[in-house]
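Here is a short briefing on selected local features. Keep the coordinates open while reading.

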Amino acid sequence: MSSKAIREYDAKLLLAYWLERAPAVDQSAALATPFVFPAPKVAQVSWDPATGAITPDTQLPSWVFTTKLVAKPDQLIKRRGKAGLLALNKTWEEAKEWISARAGKAQKVESVTGTLSNFIVEPFLPHPSNTEYYVCINSQREGDSILFTHEGGVDIGDVDAKALKVDIAVGKPFPSRDTFISTLLPHVPKEKQQTLVDFLLRLYSVYVDLHFAYLEINPLVVFDAVDGGQPTIQYLDMAAKLDQTAESICGPKWAIARDLTIYESGAPQTTSKGKSVSADRGPPMVWPAPFGRDLTKEEAYIQKLDASTGASLKLTVLNAEGRVWTMVAGGGASVVYSDAIAAHGFSHELANYGEYSGAPTEGQTYEYAKTIVDLITRGKPHPEGKILIIGGGIANFTNVAATFKGIIRALKEYKAPLINHSVRIYVRRGGPNYQEGLKAMRLLGESLGVPIKVFGPETHITEIVPLALGIKREPGKSSAVSLAPTSPPSPAPGAASSATEEATVGTVHADGGRTQANDQIVHFEAGAEQKRPSFRPFDATTRSFVYGLQPRAIQGMLDFDYSCGRAVPSVAAMIYPFGGHHIQKFYWGTKETLLPVYTSVEEAVKKHADVDVVVNFASSRSVYSSTLEILSFPQIKSIAIIAEGVPERHAREILHHAVEKGVLIIGPATVGGIKPGCFKIGNSGGMMDNIIASKLYRAGSVGYVSKSGGMSNELNNILSLVTNGTYEGIAIGGDRYPGSTFIDHLLRYEQDPDCKMLVLLGEVGGIEEYRVIDAVKKGIIKKPIVAWAIGTCAKMFATEVQFGHAGSMANSALETADAKNEAMRAAGFIVPETFEDLPQVLKEVYDALVSKGTVVPQEEREPPVIPMDYKWAQELGLIRKPAAFISTISDERGQELLYAGMRISDVFKEDIGLGGVVSLLWFKRRLPQWATKFIEMVLMLTADHGPAVSGAMNTIVATRAGKDLISSLASGLLTIGSRFGGALDEAASMFSGARDTGLTPREFVDQARKANKLISGIGHKIKSVNNPDLRVELVKEYVTKHFPSHTLLDYALAVEKVTTSKKDTLILNVDGCIAVCFVDLLRDSGAFTPEEADEYIKIGTLNGLFVLGRSIGFIGHHLDQKRLRAPLYRHPADDIFINMADVSQPRVLGRI
C-alpha cells in the first residue's frame, strides 16, 4: 500500500535527523535566520506480551532520568488528551508507574477498543497558550498544501474552516518567503515570522525528500527570543504518514534516523554482535496496525508471507467468531464480496477481509488457504454451520486450476474439522483454465464429504453470496442473455483471415515449388504517422512499443489483433535497455512474425513513425525514469504504466509532465485497457478464451472505466451477456494518483459518437467520482451513465481497514462508497441498489437504447480460430509428449529441493553427511551409517597422492599456463583411466568374477599369469609386506570392525598371500582394497539385490569414488599454484630424448 501511518516516535526521529540535513526543496528555500534546530529528545517504551514487562531502564536515554516528562500512548490514537491518555510533568518513576498501569491493558477510545503496548516519552515543556500554533502538510493529486493557523492546541476546532493555506502545485514556481508570510503568517508576531518561515521551509524539504504523504504538528510551540537570540521552535504532538512504496528510495534515510546511537552514545546499538544486521544503518521503518487492530498471529504470518513474494496476500480477521469467511482472488473482487455480504445484513457475521492475487504459487496459496481454514475450524462448532466463499473475478493470466491446487491441499488436510464445523463452500471463478479448477473443486466436494458448489463466469460475480447465505432473490434479477453486436463493426478481416488457408511447410504447389520454412514468417513494414481524433486514442491502426521483455503479454496482444482481423500487429517493437539489439519471434495466427528489440526509445521512435502508444512494463524502481524518457518524444500520445508500487510523488510528476505534453497516461498499477476489435494493452481482457467468450474481438456500444483490472474483466463479461458488449474499457489503476481519472475517459466516450452508453465502477476513497458528478450536473456528459462505487461495507468495520487498492480508504465522509452512490444517484446517474443488481440495470438501460434506435443490433460474426500455444495446451493437460530426459535422483520444482525423495532440510536435520548424500544421489536410497562413513573414508583416502602423479601434474601444468580452476581440474581428470586411478572398477570386476566362478586364490593368480594379464589392485612401486600402505591398513581395520561381512576382502587378502610369496611388493594396494570392500558393501549391506550390485560395479560407480575424491586434491593443487603465483611451466630439454630419423631413411607408408 502507498500512504501508511507511522508512530509519532518515528516521525519525530525523522525530523530530528533530517530537519537540518535534507536538501532544500528549492533554491529559494535557504535559511534566512540563524535558525536553532530543535534538540532530538524522544524515547520509546514498549510492552512485551511474552514477558509482560516494559522496556528496561538500561535501554532508555540518560535525559529521561533527569527531566520532567510527558508520557502518552503511541499507537495512532487521535485525541489522546480528551481520552485521558496523557501524563504531564512527571518524573521517570511516576511516568513508569503510569505506563505500567496501562501497558498490556485494553483501552477504549471513542468506539474502538485496543491494547496499549507502545508509549512515547518526551521532556515536559511548559509554555503559554499564545505560543501554540498548528501546521499540517498534506498531498493531493495537484500538489501539496501547507495549512497553518496561529491558534493551535487541544481546542483547535475546525481546522479546514480556520487554517490558512499555501498550495504548492507540481511543476509550478515555488512560493516565495513573502508569500509564506502574507498567506500563512499574517496573525503571527512579526519577530517570529522569519523563524517560522525557515522552519516551514525545512519542514517541507524533509516532507518532500523523505516522501511523506501527511504530516501534522499540533501544537507547534514557538518561544520568544531570549537575550537577543532567535525565537526557538519545539514540536509537541505529531501525526505522520509515509509513502511505503518509496522504501526503495528512502529506506536508508528512514533507517539512519532510527539509529539511536546518533543521538546518544550510550544508547542501545542497532547492529551489534549477536543481533540481526539490517540492510542499512539503523533498523527499517515499522508500519503499525491501526489502534484496535492488533495483528493476530495469523495476520502477522500472512503479512510476512506477503512481504516475501511478488504476489499479493492480505488477511484481516474482523470477527473470529463469525460464520461467513471469504477467500477471494483480486483486490477489487475482495471488496465486492464484502459489500455483498454486508448488503444482505450479514456484516456482523463477516469473519475476515482478505485477498490473494498476482499469480501466487501453489505453495503460497496452500499456506494462505491453510491459515484461513484453520481459523474457520477453531472453537466450538456453530449450530448453523459456517460458510466459506472462495470467490474471485475473471483472471487475466493466472492459471486458476494451479492456484486451486493449493486450496484443495489445505481443504483435504482439514477434512475432519470442516465436517465437524458443518462448513459449506461456495466457489465462483473465471479466467485461464477455470474449467479444470472448478472441476477439481467439484470432485473434491464429492470425495471430501463437505458440500462444495461451484460456479463459473456465466454466474454474476457476487451471485453466490445470497445462495451461500440462504437468501432468495427476486425472479428475473439474474437474467443474462448474450446479444448481437451493433455498429460500428470490427475491421474487415484482412491478412489475418486468410492465414489459415496458406500452405503449410513442405506443401508442394501446382508449379512444383515447395513451401519453405521461411515462407511461414509474415513481414510487416513500418507505416506512416497516424492521425486520429483526440477522443479516440486507440483504433484498428494503433501501433505500440512494449517497454520491457514481456513475450507472454505481447503474444496475447498479437493473438487479440489476429482475432479482430487487424491487417498489422498492434506491437511494432520492444524496448529493452539491458540487452543488445536482437529479434524475437511471435505467432501471427498460424504463421510467425519477427519483432525487433531496441535498447533505447530514441532508436525505436526513429524507425517506427507509426507508433504513438507505449505499454511500459518497467519495474516500480525504473518506471519513473523510463516514462520521463518516453515523454520527451512528441510522437508518443499514450502511455500505459503497468507497474505497481510506484512512489506517489513520482506518479504525480509523471501525470503533470503528461498533461503539459498532452499525453494520455493509463496507470500506474493497472492491467491497462481494451478497445474491442481494435487494440488491447498488455494482459487486459485475459487470455483468448475470455476474449472470445466476452466478444472482445468486435466492438460493442458500452464504454466503461474502472480502477480494478480484475473487475474490468467482470464488466467485459457482464456487458457481453446483457448488452451487445464493450466499446472501450479502461482500468485506471488503484493508486491514489492515477495518470488519468474517471472523468478523462468518460469525457472521451461522451465525444465518441460510436459509444452509446457509459459505465463507471468507482470505489471507496478519493474524490474522482465527484468530478464526473459535476460534469453530469453541468450537462457536459449527456449519455446514459450507469455507476456504482464499491466499498459500501467499510462502514461496518469498527477499525480502519485498508482494502485491496492503495487509494481504497476513505479519509472523510465524502469519500465513502455510500456517499458517492447517493451523490451519483442524486445527479441523475443510474445507480443500482446493490452491485448484484448491476447486470439487470445495465440490461434495462441497454434495452431502452435499442428500443429508441440509438443502438442498432448487428449480425454476429465468428472470429478466426487462434491455435493454442503448445506450452499452455500441455499445462492444461490437452496434449502429451514424451519427456526428452528422465531424472530419478533429484527434484527442485517444489518448495524444497529433494534428493531421491528426501527433503534437503531433512538431510541436515538427520545429519546424514556427505556419504549419505552420495548414497541418495548415486544409489537412490539411504544406506546404513557404517556404509556412508565408509564412502566418506574412501573420499578422504583418495583425495590426493602427491604432485608427481599424472593427474596432479596435468592440473599443475594447466594452472601454471594461466587456466582457470575448471579447465585445470578437467585437465587432471582426463588422465584418469586404466593406467591411473581407474583400476577400481577393473579390480572389483576381476576379484568378484574369480570368486563367483569358484576359483581358489591360487587358481586365480595362475590363470592371470597364463593369460599374461596383471591383476588389477595388486602391486605397488614402493610399499611391500614389510612396508605396508597405511591407507590399506586403515580400510581393512574399518571394514573388519564395522561391515556385517567382508567375504571378498578376505578372498583378496588370500590372493595377496599368493602374490607376495613371489615378490613382496605384490601387495593388495589401496585401489584394490577399496574396490573389494565396496563390492562387499554392495552385496552384503542388504540395500541392494545381487543384480543391482553387479550393475553398479559395471557402470563405473567405483571409479566415480576415485574421481570425486581426487577432485579435492586436484583443486588443492590448482589453488596452491595460484597462491604461489607459479610461472608458466616448461619441461627441461635435457630430460627429453629426441630422436629425429634421417630423411633419407626409408619409411613404411600406411596403405590408404
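Helices (H or I, at least four residues) and strands (E, at least two) are DSSP runs, numbered from the N terminus. The expected span of a helix is 1.5 Å times one less than its number of residues. This is a predicted model: local features need pLDDT of at least 70, side-chain atom pairs count only at pLDDT 80 or more, and totals for chains, interfaces and linings use all residues. Residues are numbered from 1 along each chain as its sequence is written, and side-chain values use heavy atoms, with hydrogens and water left out.

**Helix H30**

- Helix H30 covers residues 983-996, which makes 14 residues. From first C-alpha to last, H30 reaches 19 Å, close to the 20 Å expected at 1.5 Å a residue.
- Buried means under 20% relative accessible area, exposed means over 50%, and partly exposed lies in between (1.4 Å probe, protein chains only). The buried residues of H30 are Ala983, Leu984, Asp985, Ala987, Ala988, Met990, Phe991, Ser992 and Ala994.
- The cover over these buried residues includes helices H31 (1001-1010), H33 (1047-1060), H34 (1070-1084), H35 (1090-1098) and H36 (1101-1124). Contact means heavy atoms within 4.5 Å.

**Helices H4 and H5**

- Axes are lines fitted to C-alpha atoms, for helices over the stretch in contact; angles run from 0 to 180 degrees between N-to-C directions. The axes of H4 (residues 177-184) and H5 (residues 190-209) come within 10 Å and cross at roughly 110°.
- That makes H4 roughly perpendicular to H5. Angles of 65 to 115 degrees count as roughly perpendicular, under 35 as roughly parallel, over 145 as roughly antiparallel, and the rest as oblique.
- H4 contributes Arg177, Phe180, Ile181 and Leu184 to the contact. H5 contributes Gln193, Gln194, Val197, Asp198, Leu200 and Leu201.
- By class, this contact of H4 with H5 has six nonpolar, two polar and two charged residues. Ala, Val, Leu, Ile, Met, Phe, Trp, Tyr, Cys and Pro count as nonpolar, Asp, Glu, Lys and Arg as charged, and the others, Gly among them, as polar.

- Two strands pair if DSSP finds at least two bridges between them. E9 (residues 132-139) and E10 pair in the antiparallel sense over six bridges.
- A three-residue hairpin links E9 to E10. Cys136 stands opposite Leu147 in E10.
- E10 and E11 (residues 164-169) run antiparallel and are joined by six bridges. Ile146 has Val166 in E11 as its bridge partner.
- Seven of the seven residues of E10 (residues 143-149) are buried, so E10 is largely enclosed by the rest of the structure.

**The four-strand sheet**

- An open sheet has the order E16-E18-E19-E20, with parallel pairing.
- E16 (324-326) and E20 (452-455) stand at the edges with a single partner strand each, so one side of each is left without a neighbour in the sheet.
- Neighbouring strands of this sheet are turned by 15° against each other on average, direction ignored.
- E19 (residues 423-428) pairs with E20 over four bridges in the parallel sense. Val427 has Val454 in E20 as its bridge partner.
- H9 lies across E16, E18 and E19, running at about 175° to E16.
- H10 (residues 400-413) also packs on the sheet, touching E18 and E19. The direction of H10 makes about 160° with that of E18.

**Thr377**

- Thr377 sits in the loop between H9 (362-376) and E18 (386-390). At 12% relative accessibility, Thr377 counts as buried.
- Thr377 touches Tyr414, Pro417, Leu418 and His421, not counting residues up to four places away in sequence.
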